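Biologist: I would like to learn how to read ring contacts and sulfur links in a model. Can we go through them one by one?

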Amino acid sequence: MTERFTQLAVGAVLVALAAGATATPPGFLGMGGAPIRNGDGQQAKKVQDWWPEVVDVSRLRDNAATGGDGFDYPAAFAALDLDEVKSDITAVLVDSKDWWPADYGTYAGLFIRLAWHAAGTYRSGDGRGGADGGQIRFEPLNSWPDNGNLDKARRLLWPVKQKYGSSLSWSDLIVLSGNVALESAGFKTFGFSGGRVDDMEPELVYWGPETKFLEQARFSDDGELEEPLGAVQMGLIYVNPEGPGGDPDILASAKRIRTTFGRMGMNDEETAALIVGGHTLGKAHGAAKASKCVGPEPAATGVESQGFGWKNKCGSGVGPDAITSGLEGAWTVTPAKWSNNYVQNLYAFEWQLTKSPNGAKQWIPKNENAKFVPDAFDPTKRHAPVMFTTDLALRYDAAYGAVTKRWLDEPGTMDEAFSRAWFKLTHRDLGPKSRYVGSEVPAEDMVWQDPLPAPAGKTINSRDVTKLKKAIRAKNIDSSDLVRAAWASAATFRDTDYRGGANGARVRLAPQNQWAVNDPATLGSVLTALEDVQSDFNARSRSRKVSMADLIVLAGGVGIEDAAERAGHDVTVPFVAGRVDASQAQTSVAGMAVLEPAADGFRNYYGKRARLSPADMLIDRADTLTLTVGETAVLVAGMRALNANADGSAHGVLTDRPGQLSNDFFVNLLDMSTEWQASGADDGVFVGTNRKDGAKRWTATEVDLVFGSNSELRAVAESYALNESEGQFVADFVDAWSKVMMLDRFELN
């Protein structure tokens, strides 16, 4: 967090050019995020470039390909000698280079910032961002103003990456370098897990509405930050250190800090700890006016630069002449050694507003003799400590002040808070603890990891499954209700941060059991009946026990099998036991609330919090479930045929035999004897009538009709609507359903 931004303006969608460069429009993106070019070098346009409102399913096409590069990073990392890797990183820390000299003889501050900014894009609202995947290597993050000069940090680490090859992913190396940097300064970290993968292409993420970096157009008239965004300006990781929009308003800055750190799941203590800890080591760089010295970011440079950006033409351009954020100075008397001096300085002085050599607003002590901070390169020089507007918020905001004042009186408590907050920051997007790898994985379970208990008994076998299916059927629960309950349990999964899913059966706990999309009353009755089945089975079984998590998924399969049988198809839905039940104590109500779907097109649900069109929200949700175009299509059509909409809605249930698993949705959607018109009474609802007599046949939503209007989705619909295709449709639905039910079974992947 030590370097915040430069004065560079760039395009907001993916890549653009630095201020002063020749302006050209950003490239049209292909499936991999790179411009599609013809053989003569001309850029090819996507459908959305001609017709922006056409639903883009390219992300679902991407899901059809193998993720990453197919390499087993966790297994490779587990085989590494972690002590040797850390020793090699430690050696890099003090191997100062002429082309990028180390402040105070160590790159500790630089590597801490690298790890922080790689992980700090994470946002809990949709799970996107974070260190996993190593996305900071790609545009736009690689060229974000806030990531200025981090291209140098990755080049410094290249020899370590080269030595260990694919066994050490970039994303693991970047986070580990931050831990090693802290430890080299005398700090005891909480732990580390490897196993992160390296993406091989940039992920297309909505980072905000602005058209240029450092613009701010993401707040409503009442000052609320647009969901699910975390940063307050385009191209920043968090907040502007000078204050909101550059205004050095300390209390207004505190409000922005609380919002943006809250969006990544941090409370007040964790937020304060990260800022204090992040500014205890290293310094900020703003030796001169950036607009006169600093060249374009990496994405806007020529091939001869080899990806190096922000070249500084003033002075030596590096070391004492370095310019990154435009702010200048260090916070502590020990910028290369861990201490409590940041908190001491925060309270020891009254602070006055000043400007860096770059002109950025920052604060120094009113006591002009308070010059005790060592120079980064000249041992004969001393400087006054600095604070940013965001730093002073930790003293003058009442809640933050209470935390930091306690740390002033009890220094060790700050170390503990930072160690935990840093671990959370750098591991939040890695997913549950079952995915952790390495000798430094902490034994303690944290509630933000969505912990799971050990199994209560031996896993049920195939004979038990047969008995349980019979017991479920004896309860005479409607098949549609069984399907809805199982989907509600499993479809919370999102591959952006590996949270959610059926394991743990948190659908029976707060807050999920009260989500409107889950039809709490119906869900409650299903769960009560299944709890009876569980209680009876577990009482009769000596060693093998069935969890509610397994039973909910198994019951969903029973509902599908029975619905398929009524339609004339004999199917068996695959089932793999082994799930366990989480407790309410293992489930953070606030932390789990972010998983509540704003929309779920599979259940034809569209809530007030939805920010995109219903069809686009469907694609977004399908993407987090790792579904392909075909899998998305069969699941929507099958859920409609099964009458599994939220709240029992009839929209899109295009069949005269609801509750039977058939391809009727596609058949009737494509029936040219039906004409569709927008309903005049219900917004977002369409009415299908008989072309001959105008009699009402069906109602549907945009999510339903897009499968007939979008040319790519219509092609899929047509393939399943053929008279010969119902059997294939049922088989494909079962496969897609089973995939969703197993998404969080990491131990089996």
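Modeller: We take aromatic pairs, then charges over rings, then the disulfide. This is a predicted model, where local features need pLDDT of at least 70, side-chain atom pairs count only at pLDDT 80 or more, and totals for chains, interfaces and linings use all residues. Residues are numbered from 1 along each chain as its sequence is written, and side-chain values use heavy atoms, with hydrogens and water left out.

Biologist: How many aromatic pairs are there?

Modeller: Start with the rule. Rings of Phe, Tyr and Trp (its six-membered ring) pair if their centres lie within 6.5 Å. Planes under 30 degrees apart are stacked, over 60 edge-to-face, and the rest tilted. By this rule the count is 31 aromatic pairs. One of them is Phe 666 with Tyr 720, which is stacked, at 5.9 Å centre to centre and 15 degrees between the planes.

Biologist: Where do Phe 666 and Tyr 720 lie in the chain?

Modeller: Helices are DSSP runs (H or I, at least four residues), as are strands (E, at least two), numbered from the N terminus. Phe 666 is in helix α22 (residues 664-669) and Tyr 720 in helix α24 (residues 711-721). They are 54 residues apart, so the pair links distant parts of the chain.

Biologist: Is Phe 666 buried or exposed?

Modeller: Buried means under 20% relative accessible area, exposed over 50%, and partly exposed in between (1.4 Å probe, protein chains only). Phe 666 counts as buried because its relative accessibility is 0%. Tyr 720 is at 12%, so this residue also counts as buried. Tyr 720 forms an edge-to-face pair with Phe 729 as well, at 5.8 Å centre to centre and 75 degrees between the planes. Phe 729 is buried too.

Biologist: Which residues form one aromatic cluster?

Modeller: Trp 116, Phe 187, Tyr 238, Phe 261, Trp 338, Phe 418 and Trp 422.

Biologist: What sits over the ring of Phe 308?

Modeller: A charge sits over a ring if NZ of Lys or CZ of Arg is within 6 Å of the ring centre and within 35 degrees of the ring normal. Here the charged end of Arg 155 does so, 4.7 Å from the centre of the Phe 308 ring. Arg 435 lies over the face of Phe 746, 5.7 Å from the ring centre.

Biologist: Which cysteines form a disulfide?

Modeller: A disulfide is a covalent bond between the sulfur atoms of two cysteines. The cut-off is a pair of sulfur atoms within 2.5 Å. The whole structure has one disulfide. Cys 293 and Cys 314 form it, with sulfur atoms 1.9 Å apart. The link is left-handed, with -85 degrees about the S-S bond. Cys 293 is buried at 4%, whereas Cys 314 is partly exposed at 22%.
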